[in-house]
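Me: Please take me through the structure shown below, by way of questions and answers.

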Amino acid sequence: MSLDPVEQVARATPVTVAKKIRGLSDRAIAWIFVGPTILLLLAINIFPLIWTINLSFTNYKANRPNRPVEYVGLRNYERILNDSDIWLNMQATAHFLVWTIVFQVLIGFTLAWLINKKFKGNDLWTTIIVLPMMLSPAVVGNFWTFFYQPQIGLFNYVVGFFTGADPSSFEMLGSVDLAPWAIVIVDTWMWTPFVMLICLAGLRSIPNYIYEAAAIDRASKWRQFWTITLPMVLPFLMLAVLFRGIENFKMFDLVVQLTGGGPGSTTELASINLKREAFEKWRTGYSSAFAIILFVTVFGLASIYVKALNKVKER
Amino acid sequence: MKLQRLASAALILGTGYAASPVMADDLTLCWAAWDPANALVELSKDFEAQSGHNMSFEFVPWPNFADRMLNELNSGGKLCDLLIGDSQWIGGGAEAGHYVKLNDFFDSEKISMDDFAPATVYAYSTWPKGTPNYYALPAMGDANGWFYRKDWFEREDLKAEYKAATGNELGEPKSQKELMEIAKFFQEREIDGKKVYGASIFTERGSEGITMGATSALYPWGFKYENTPGKYDMEGAVNSPEAVEALEFYKGLYDCCTPPGYTDSYMGESLDAFKSGQVAMAMNWFAFFPGLYADPDTGGDKIDFFVNPPQNQAGSTLGGQGISVIRYSENQDASLEYIKWFAQPDVQAKWWSMGGYSAHNSVLNDPGFKDSQPFAGDFLVAMDAVQDFWQEPAYAELLLAMQKRLHDYVVADKGTAKEALDALIEDWTEVFEDEGKL
């Protein structure tokens, strides 16, 4: 009688080893599999987080390893929360966050809605529209600085062409009033396609028979949009907002390339200031506290938002 | 025959020894990426030939230079054996132990700091300031100066128009206020069918640009960092009436006379503005002057140079760097060998001839020096009245605070000059308190 391969392996396994394996529960085996991943996560996520929290209560400076480290209690947190410049950074971040999301959702959804229609060249247009998000933020930031150049920039020229204004009469990146909008425009240009793609996935997931049933019930297009399209796309849209919100809360590269936080501190987003504090001024303790505040803020907001998202999905 | 063999063996041994020294090292020299760095690459070929060591270079663009190199030092990195670091880093480099102290080496090799221009030794080599504790050899003297379109200044129609408008002769400005007057004259003027602008000045926000530019106005007005040197008593010095007036002047110059879009401009933008024929005058470091003079479009007889004009006194913002040996280097002996070679008067003379600004007295005091380049005389004048930023170990914090306050006021129109300087004192006080110096 020939044995099947599994049986052969089982018989070939020494008794001592077989006993050991037999002794492992399912849970133990599960731990063996996930253990390395958990260890890795602890090493690269949890440990730095705990270490950062620890540093946030000190006056530690990474560029002065020889200087004695003192625990300063909540002083770093107190200084940050009482610093009017930090609040200006937060305002700049909020302005950037809110307006980029508003524009990206409106334009992204509209584009998705249009692209969802069947028309000739549909695929080509989709490809063209998603091109900006495939570029590196550093490259985008760099060439938009040229677009915004008052003397030779395409943007100023186009605005001048349509409004009759002298192209060199306004500075998108150098004006306190315009610079916050200049960064919103670039981020919207770059990331609207991302929102569009998510919305498109949502739109394409709506079965046609729902619209057919609505049409039989003589529901107008407008009514179909409000009662079928929007509610069914909403979870997708909210997901896009979550992704863009988290991304833009920690926006750094694009804005640094465009304005470097200027003019003055007009576009100095929280993450730009954090980088300056941590790696240019080397105030490690202070910047750790700042990082923790930002982390708690974005984590708290994201948690509330995810709960709302789940509620929408359950409806 | 035997004698012949012995002679051959001796010849082989002798030539072999000469061709390959006892130990050849690979040395890496770190500096900023700019014209003088290219000259140094050429110059260092002589060192390679003489010593047998191989030289590599790590040049970082200026806006990232401090960031990149200070991170390297702070992490104890071994990338650089030799570093030509900014003068302001000397305090941090010495106190944190990044730089090798060179006193014993200088003594043993008979390298005297008296052979170098005192201002450069003070600024680039000593810590604490002015004490005979040397952490670098002056490598590249530099100061912020000006250059202008000589061909425009010499045009009879423009000269007459300027005279009619101001009552003065159009020429190199003798004061800061005259500089602004000339800049205003050229602003938005049409020359050869093209709209041109008055001056390109430093307004960069991210690294050190606007500080280096604004101090070029502050120093001639008599700006001081402290009332008493070493006491950190800044109230009344940093925000003195003269300092306020100087800062208002710099903002005025920015508002009235710069090309549109130059809200974040530093060395590169200044050079671009001038070379593209946009501006009548531009500020920049003397280090760029050889390249500007050689430029086929705007150099030669179309350009001339002048020292940062005085106002209440003479004053120029100090640039330049010293060369230091990095403590974390595994090739310290070879690095010191390079410094010994670089300190030689003939090497220093060649350095100047190739576009590097030697700080060696044998070069600077040479009777032919002033006429060796059109900007050489100005360089000597500028170096006589240079003033530097804080060189404290916490210099980065001090600098970034000034960058913010100046940019907020000058470019972003936030508050007044007095408020900007008052806020700067608060920032600096906080830094010095953290440092335990106040």
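**Strands, helices, domains and the chain interface**

Me: Along strand β9 (residues 303-307) of chain B, which residues point to one face and are buried?
Reply: In this predicted model, the side chains of β9(B) alternate along the strand.

Me: In β9(B), which residue is the bridge partner of B:Tyr148?
Reply: Strand β5 (residues 144-149) of chain B is joined to β9(B) by five bridges, and the two run antiparallel. Within β9(B), the residue that pairs with B:Tyr148 is B:Asp304.

Me: Which are the edge strands of the open sheet in chain B?
Reply: The sheet has five strands in the order β6-β7-β8-β5-β9 (chain B), with mixed pairing. On average, neighbouring strands are turned by 40 degrees against each other, direction ignored. An edge strand here pairs on one side only, and the two are β6 (189-191) and β9 of chain B.

Me: In β7(B), what is the bridge partner of B:Arg189?
Reply: β6(B) and strand β7 (residues 194-200) of chain B run antiparallel and are joined by three bridges. One of these strands, β7(B), holds the partner of B:Arg189, namely B:Val196.

Me: How many residues of domain 1 of chain B are in contact with domain 2 of chain B?
Reply: The domain assignment of chain B gives domain 1 (26-142 + 320-387) and domain 2 (144-317 + 394-434). Their centres, taken over C-alpha atoms, are separated by 27 Å. On the domain 2 side 25 residues take part, and the number from domain 1 is 25.

Me: By class, how many nonpolar residues has the side of domain 1 of chain B that touches domain 2 of chain B?
Reply: At least two residues of this side come from each of α2 (35-51), α3 (62-74), α4 (90-95), α18 (376-383) and β12 (386-387) of chain B. By class, the side has six polar and three charged residues, and its nonpolar residues number 16.

Me: Why do the buried residues of α7(A) line one face of the helix?
Reply: In helix α7 (residues 137-147) of chain A, the buried residues are A:Pro137, A:Val140, A:Gly141 and A:Trp144. Seen down the axis of α7(A), they line one face because they fall within an arc of 100 degrees.

Me: What is included in the cover over the buried residues of α7(A)?
Reply: The other side of α7(A) carries exposed residues, A:Ala138, A:Val139 and A:Phe146. Over the buried residues, the cover includes three elements of chain A: α6 (122-134), α9 (179-204) and α12 (253-258).

Me: Is A:Lys250 buried, partly exposed or exposed?
Reply: A:Lys250 is found in the loop between α11 (221-249) and α12 of chain A. A residue is buried with 20 or more other C-beta atoms within 10 Å and exposed with 12 or fewer. A:Lys250 has 14, so this residue is partly exposed.

Me: What distance separates the centres of domain 1 and domain 2 of chain A?
Reply: The domain assignment of chain A gives domain 1 (15-55) and domain 2 (77-314). Taken over C-alpha atoms, the centres are separated by 39 Å.

Me: How many polar residues are on the side of chain A that touches chain B?
Reply: Contact between the chains involves 25 residues of chain A and 21 residues of chain B. The chain A side includes seven nonpolar and five charged residues, and its polar residues number 13.

Methods:
Residues numbered from 1 in each chain as written. Chains lettered and ligands numbered in written order. Predicted model: local features only at pLDDT ≥ 70, side-chain atom pairs only at ≥ 80, totals over all residues. Helix = DSSP H or I, 4+ residues; strand = E, 2+ residues; numbered from the N terminus. Arc of directions from axis to C-beta. Contact = placed C-beta atoms within 7 Å. Domains from an automatic or database assignment. Pairing = 2+ DSSP bridges. Nonpolar A, V, L, I, M, F, W, Y, C, P; charged D, E, K, R; others polar. Axes fitted to C-alpha atoms, helices over the stretch in contact; angles between N-to-C directions.
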